[in-house]
Amino acid sequence: MQTRPTLAFALMDAPFESARLSTAYRLLSLAAQRGCHIKVFAYEGAVLQPFARQQPHANAVHGRSAEEENHFLPKDAIQALIEQAREHGGSLDWVNCGLCVDERGAGESIPGVRRGTPGDFWQHAKESVNTLVIPTRD
């Protein structure tokens with residue numbers, strides 16, 4: 001029986017700020033489809049990615065309702081990734097840096113996201129066959 005690989009990711013960008021996290025979501029989805037065990041450590045602004053209070057909004061400029069606008073919400077993407085990994089025999093362990101959560105008041109996360117420390121990222125990297133860090137860029 002072949003064991004499923006474990007992959008670690010560190011994410012740093014806040015929601016809606018860059019295309020880097022769109023790329024990260026695509027990579028996470030591919031890993032989930034392949035049944036990998038995925039370890040994500042969200043640091044800095046990325047702790048807001050799974051923030052539970054995100055909500056869609058209308059677009060008054062274009063005259064569209066919230067439903068018509070169909071606004072992307074990172075929390076929904078993360079929930080879908082957690083389910084996708086499970087459906088394919090893998091797992092997704094999303095850890096938010098607790099220090100970063102406190103700094104940003106981002107304590108309300110979706111189910112399946114846990115609070116941790118930078119030590120969790122160290123452990124993720126040790127347990128993984130490969131680690132990808134997607135940093136912010138100034």
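Colleague: Which residues does Gln-49 contact, leaving aside its neighbours within four places in sequence?
Modeller: In this predicted model, Gln-49 is in contact with Asp-13, Ala-14, Pro-15, Leu-21, Tyr-25, Gln-54, Pro-74, Lys-75, Ile-78 and Trp-94, with neighbours within four places left out.

Colleague: What makes these contacts?
Modeller: Heavy atoms within 4.5 Å. The pairs listed for Gln-49 are contacts in that sense.

Colleague: Why is Gln-49 called buried?
Modeller: Buried means under 20% relative accessible area. Gln-49 has 1% relative accessibility, so it counts as buried.

Colleague: Where is Gln-49 found?
Modeller: In the loop between E2 and helix H2, residues 66–69.

Colleague: That loop also holds Glu-44. Is Glu-44 buried, partly exposed or exposed?
Modeller: Partly exposed. Its relative accessible area is 27%. Buried needs under 20% and exposed over 50%, so Glu-44 falls in between.

Colleague: What is noted about phi of Glu-44?
Modeller: Phi is positive, about 55°, although Glu-44 is not a glycine. Phe-16 also has a positive phi, near 65°, and is a residue other than glycine.

Colleague: Why is Phe-16 called exposed?
Modeller: Exposed means over 50%. Phe-16 has a relative accessible area of 52%, so it is exposed. Phe-16 lies in the loop between E1 and H1.

Colleague: Why does Pro-135 count as partly exposed?
Modeller: Pro-135 has 39% relative accessibility. Pro-135 is found in the segment after strand E5, residues 130–134.

Colleague: What does Pro-135 contact, leaving aside its neighbours within four places in sequence?
Modeller: Met-12, Asp-13 and Arg-20. Pro-135 and Met-12 are 123 residues apart along the chain, yet their C-alpha atoms are separated by 5.3 Å.

Colleague: How much of the contact set in the chain joins residues 24 or more positions apart?
Modeller: Such pairs account for 75% of the contacts with a separation of 6 or more.

Colleague: What is the secondary structure of the chain?
Modeller: Five helices and five strands. Along the sequence the pattern reads β-α-β-α-α-β-α-β-α-β.

Colleague: Why is the chain called as compact as a globular protein of that length?
Modeller: The radius of gyration is 15 Å. The globule rule gives 14 Å for 138 residues, and the two values are close, so the chain is as compact as a globular protein of that length. The C-alpha atoms fill a box of roughly 55 × 35 × 30 Å along the principal axes.

Colleague: What share of the 138 residues is buried?
Modeller: Buried residues make up 43%. The accessible surface of the chain comes to about 8000 Å², and 51% of that surface belongs to carbon and sulfur atoms.

Colleague: Which residues touch the most other members of the largest nonpolar core?
Modeller: Leu-11, Leu-28, Ile-38, Val-40, Val-47, Leu-92 and Trp-94, out of 31 residues in that core. Elements giving two or more residues include strand E1 (6–11), helix H1 (20–33) and strand E2 (37–42). H1 gives the largest share, six residues.

Colleague: What does Leu-28 touch, not counting residues up to four places away in sequence?
Modeller: Phe-9, Ile-38, Val-40, Leu-81 and Trp-94.

Colleague: How far apart are the mean positions of the positive and negative charges?
Modeller: They are 6 Å apart, for 14 positive and 16 negative charges.

Definitions and conventions: Residues numbered from 1 in each chain as written. Predicted model: local features only at pLDDT ≥ 70, side-chain atom pairs only at ≥ 80, totals over all residues. Heavy atoms only, no water. Helix = DSSP H or I, 4+ residues; strand = E, 2+ residues; numbered from the N terminus. Rg over C-alpha atoms; globule rule 2.2 N^0.38 Å. Buried < 20%, exposed > 50% of the residue type's maximum accessible area, 1.4 Å probe, protein only. Areas by Shrake-Rupley, 256 points an atom, 1.4 Å probe, with all protein chains shown as cover. Lys, Arg positive; Asp, Glu negative; His and termini not counted. Charge placed at Lys NZ, Arg CZ, Asp CG, Glu CD. Core = buried A, V, L, I, M, F, W, Y, C linked by side-chain atoms within 4.5 Å.
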